[in-house]
Amino acid sequence: MAVERHWLDVPYADKEAAKKGGAGWDATVKRWYAPHPDMPGLQRWAAAPDVPDLLPGEDRTLGNGLFVDLVPSTCWFTNVRSCVDKKDWERLRRMINRRAGQRCEACGAAEDRDAKRWLEAHERWTFDDTTRVQTLKRLICLCTDCHTVTHFGYAQVRGIEAQAFTHLIKVTKMTDSQARQHVRDAFGLWQKRSSTTWDLDLGILTNAGIALAPPPGAKERAGVAVNTLRSGGKPAVPQQSGSDSVIRRMPGRR
């Protein structure tokens, strides 16, 4: 007899609590469920309506392919996940993976536990230098390998920049010199954008009914970064590195 599935929105951090409450896991759709309706221990994870496949105002053409996409230092630790209610993040993550067909939108790879390759959400932003507004315009599904390339500076912090550089060339078919120039240009843009304190526009989420935890204000963001680093967090890009020093540390640099 088939088990009933009353779907739940269970954040990853709550999975053990949900399991103790009687939740089951459907490996096919990668989602938790209650085997019976109205189970008291699972009510807090009752599913909300699915997030629409196209968020209001989202530009699904923005930033196709794989490229280094560094987060300005003035925006560290204020990514979408940190600003969204945990249950709503689960809804967003599920929608992003589903509309991508459970495949990386840059290289086409599927999740692979043995290879420790997962599917992850990445943000595409636009930056208005006049208004100093950083606007979320797209959410994209990337595999762990491609996501590591986009945050190339963080790959350096973790000591895996050689793997990231190799993956960049493999997916984009750039030559070695083209890839090095691409990274150099990306860090040059990062330096420029890091000189500005940006206000966040998350309208494509709020217009879709996503609950937000108020993000730190633009002037507070530097303090958030410092406190997070002191408590053991890591930056999304290196704390100090101009484009030249970054290139000098890249694999094979002479």
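Mentor: The protein chain holds 10 helices and 6 strands. Helices (H or I, at least four residues) and strands (E, at least two) are DSSP runs, numbered from the N terminus. This is a predicted model, in which local features need pLDDT of at least 70 and side-chain atom pairs count only at pLDDT 80 or more, while totals for chains, interfaces and linings use all residues. Residues are numbered from 1 along each chain as its sequence is written, and side-chain values use heavy atoms, with hydrogens and water left out.

Trainee: What makes W7 and Y33 an edge-to-face pair?

Mentor: Rings of Phe, Tyr and Trp (its six-membered ring) pair if their centres lie within 6.5 Å; planes under 30 degrees apart count as stacked, over 60 as edge-to-face and the rest as tilted. A search of the whole structure finds 4 aromatic pairs. For W7 and Y33 the ring centres are 6.1 Å apart and the planes stand at 85°, so this pair is edge-to-face. Because W7 lies in strand β1 (residues 6-7) and Y33 in strand β3 (residues 31-34), the pair ties together parts that are 26 residues apart in sequence.

Trainee: What makes β1, β3 and β2 a sheet?

Mentor: Two strands pair if DSSP finds at least two bridges between them. β1 and β3 pair in the antiparallel sense over 2 bridges, and 3 bridges join β2 to β3, also antiparallel. The 3 strands form an open sheet in the order β1-β3-β2. β1 and β2 (24-26) are the edge strands, since each pairs on one side only. Among the bridge partners, H6 faces A34 in β3, D26 faces R31 in β3, and G24 stands opposite Y33. In the hairpin of β2 and β3, with 4 residues between the strands, K30 takes a positive phi near 55°.

Trainee: Which way do the residues of β3 point?

Mentor: R31 and Y33 point one way from β3, W32 and A34 the other way, and all are buried. In a regular strand the side chains alternate between the two faces of the sheet.

Trainee: What makes strand β5 mostly covered?

Mentor: Of the 11 residues of β5 (residues 133-143), 9 are buried. Strand β4 (residues 119-128) pairs with β5 in the antiparallel sense over 10 bridges, and 3 bridges join β5 to strand β6 (residues 199-201), which run parallel.

Trainee: How many residues does the largest nonpolar core have?

Mentor: A nonpolar core is a set of buried Ala, Val, Leu, Ile, Met, Phe, Trp, Tyr and Cys residues joined through side-chain atoms within 4.5 Å. The largest has 44 residues, and those with the most contacts inside it include L55, L136 and F152. Its largest share, 6 residues, comes from β5. A second, separate core of 9 residues includes L8, A18, W32 and L42.

Trainee: Why is V10 called buried, and what is its relative accessible area?

Mentor: V10 has a relative accessible area of 3%, so V10 is buried. V10 lies in the loop between β1 and α1 (15-20). Contact means heavy atoms within 4.5 Å. Leaving aside its neighbours within four places in sequence, V10 is in contact with K15, A18, W32, W45 and E90.

Key:
Buried < 20%, exposed > 50% of the residue type's maximum accessible area, 1.4 Å probe, protein only.
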